[in-house]
Amino acid sequence: MYNVIVNIGRAKNDGVFHLYDLTNDIKNKRIAGRLSGLSGPVGNRITNDSHESTIRSSSENVNRYSVDDDLPINLQLVLNGDFDAKSNEVHIGTTSNFLTKEIGAEALDLYMPAEKAYRAMVTEERAVFEGKPTGSGINYHGLGLEGLVDILNASEKPIAAFTDTPSKGNKRENRIVLVTDVKAQGGLGVVIEELDTKALTNDKMVKANKAITVYPKGNVQSAIQEAIADNRILYLDEKRSQTHLAVRKGANYPTVGRKADFANNIRRFWENVKWKNQARRDTLHRLVSDNKNDAVPHMEQHRF
């Protein structure tokens with residue numbers, strides 16, 4: 001007898017539920033310490049048997065695009081409260097081909113703050129039970145671990161993409177909204193990614209792209225219409241968007257979408273990103289110059 005941690009996913013091809021083995025990943029990575037549900041060290045307690053013909057590798061299902069094989073394990077650590085969020089953000093994988101080829105993003109590693117991942121997965125009821133903060137500006141989306149991974153995977157082939165709405169203080173210039181075809185809580189799963197930014201890994205800030213939040217969105221069609229009207233639309237898969245969005249009688253967003261100059265909108269997006277990054281560099285230079293020791297305080301280094 002032995003303990004095992006598994007990820008259960010549904011096969012797309014035959015509609016049958018299969019068991020995806022994660023034990024190889026756990027042993028190969030030699031995860032330190034103990035995981036919830038295990039009575040001994042991971043390396044000593046988990047073993048594989050010979051059922052390779054019936055239990056497939058997790059990478060076949062989970063790593064459909066560029067998502068990290070270890071993502072389900074790390075997300076489970078986040079849920080258990082065992083993820084080292086003080087030194088790391090959750091490594092999602094690498095930037096998708098869609099963002100690099102269609103939008104022109106740099107092929108950087110993709111991260112997600114552990115707190116944001118937790119809020120995407122759990123309900124507010126669970127958060128309250130576990131003593132997490134609630135209130136204005138704090139939202140819990142209840143997607144679950146599998147739901148979060150599914151939406152992240154689907155975001156690499158979105159049905160629409162547009163720049164985020166401007167915010168007070170112009171803090172969203174480098175954020176893109178990716179609309180997926182994953183149904184979630186009466187809407188569609190949406191990912192907001194921040195491009196050309198910084199992420200925390202091993203106590204260091206590195207250049208990266210980040211998934212800021214993942215959530216179900218109910219008014220997707222209105223959001224797409226507003227993005228087209230504001231020249232924020234970057235991509236629209238007309239066929240798939242009409243399949244997954246109920247087009248109201250008289251609505252003309254698909255026609256407008258065909259006329260949208262995606263190239264100009266993408267160019268404008270990157271001009272805004274460049275402007276924002278230059279403003280950050282100017283601020284950092286000023287902070288360094290004003291500091292008597294010619295050194296930026298530790299917290300300011302993390303901020304930029």
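This is a predicted model: local features need pLDDT of at least 70, side-chain atom pairs count only at pLDDT 80 or more; totals for chains, interfaces and linings use all residues.

Reader: Is Arg 126 buried, exposed or partly exposed?

Author: Arg 126 has a relative accessible area of 32%, so it counts as partly exposed, the class between 20% and 50%.

Reader: What is Arg 126 in contact with, leaving aside its neighbours within four places in sequence?

Author: With those neighbours left aside, Arg 126 is in contact with Leu 79 and Tyr 118.

Reader: And how far is Arg 126 from Gly 142 in space?

Author: The C-alpha atoms of Arg 126 and Gly 142 are 9.0 Å apart, with a separation of 16 residues in sequence.

Reader: Let us turn to α6. Which of its residues are buried?

Author: In α6, the buried residues are Ala 114, Ala 117, Tyr 118, Arg 119, Ala 120 and Met 121. That is six of the eight residues of α6, and the helix is mostly covered.

Reader: What do the buried residues of α6 pack against?

Author: They pack against three helices, α4, α7 and α8. They also pack against the strands β4 (90-94), β5 (109-112) and β9 (204-217).

Reader: Take α8. At what angle do α6 and α8 pack?

Author: Helix α6 (residues 114-121) and helix α8 (residues 144-154) pack at an angle of about 110°, and their axes are 8 Å apart. Because angles of 65 to 115 degrees count as roughly perpendicular, α6 is roughly perpendicular to α8. The crossing of α6 and α8 is right-handed.

Reader: Which residues of α6 and α8 meet?

Author: From α6 come Ala 117, Ala 120 and Met 121, and they meet Gly 144, Leu 145 and Leu 148 of α8. The residues of this contact of α6 with α8 comprise five nonpolar, one polar and no charged.

Reader: Now α4 with α6. How do their axes cross?

Author: The axes of helix α4 (residues 71-80) and α6 cross at roughly 85° and come within 10 Å. That makes α4 roughly perpendicular to α6.

Reader: How many residues of α4 are buried?

Author: Eight of the 10 residues of α4 are buried, so the helix is largely enclosed by the rest of the structure. The buried residues are Leu 71, Pro 72, Ile 73, Asn 74, Leu 75, Leu 77, Val 78 and Leu 79.

Reader: And what follows α4?

Author: α4 is followed by Gly 81, whose phi is positive, near 80°.

Reader: That leaves α4 and α8. At what angle do their axes cross?

Author: The crossing angle of α4 and α8 is roughly 135°, and the axes come within 10 Å. The crossing of α4 and α8 is right-handed.

Reader: Which residues make the contact of α4 and α8?

Author: α4 contributes Leu 71, Pro 72, Leu 75, Gln 76 and Leu 79, while α8 contributes Leu 145, Leu 148, Val 149 and Leu 152. In the contact of α4 with α8 there are eight nonpolar residues, one polar and no charged.

Reader: A change of topic: where is Gly 187 found, and is it buried or exposed?

Author: Gly 187 is found in strand β8, residues 187-201. With a relative accessibility of 11%, below the 20% cut-off, Gly 187 counts as buried.

Reader: What does Gly 187 touch, not counting residues up to four places away in sequence?

Author: Gly 187 touches Val 182, Lys 217 and Gly 218. Gly 187 and Lys 217 are 30 residues apart in sequence, yet 5.0 Å apart in space, C-alpha to C-alpha.

Reader: Finally, the protein as a whole. How many helices and strands, and what share of the residues is buried?

Author: The protein has 13 helices and 10 strands. Of its 304 residues, 44% count as buried. Among contacts between residues at least 6 apart in sequence, 57% join residues at least 24 apart. The accessible surface comes to about 16,800 Å², and 47% of that belongs to carbon and sulfur atoms.

Technical notes:
Residues are numbered from 1 along each chain as its sequence is written. Side-chain values use heavy atoms; hydrogens and water are left out. Axes are lines fitted to C-alpha atoms, for helices over the stretch in contact, and angles run from 0 to 180 degrees between N-to-C directions. Helices (H or I, at least four residues) and strands (E, at least two) are DSSP runs, numbered from the N terminus. Angles under 35 degrees count as roughly parallel, over 145 as roughly antiparallel, 65 to 115 as roughly perpendicular and the rest as oblique. A crossing is left-handed if the near helix is turned anticlockwise from the far one by less than a right angle, and right-handed if clockwise. Contact means heavy atoms within 4.5 Å. Ala, Val, Leu, Ile, Met, Phe, Trp, Tyr, Cys and Pro count as nonpolar, Asp, Glu, Lys and Arg as charged, and the others, Gly among them, as polar. Buried means under 20% relative accessible area, exposed over 50%, partly exposed in between (1.4 Å probe, protein chains only). Accessible areas come from the Shrake-Rupley method with a 1.4 Å probe; for residues, only the protein chains shown count as cover.
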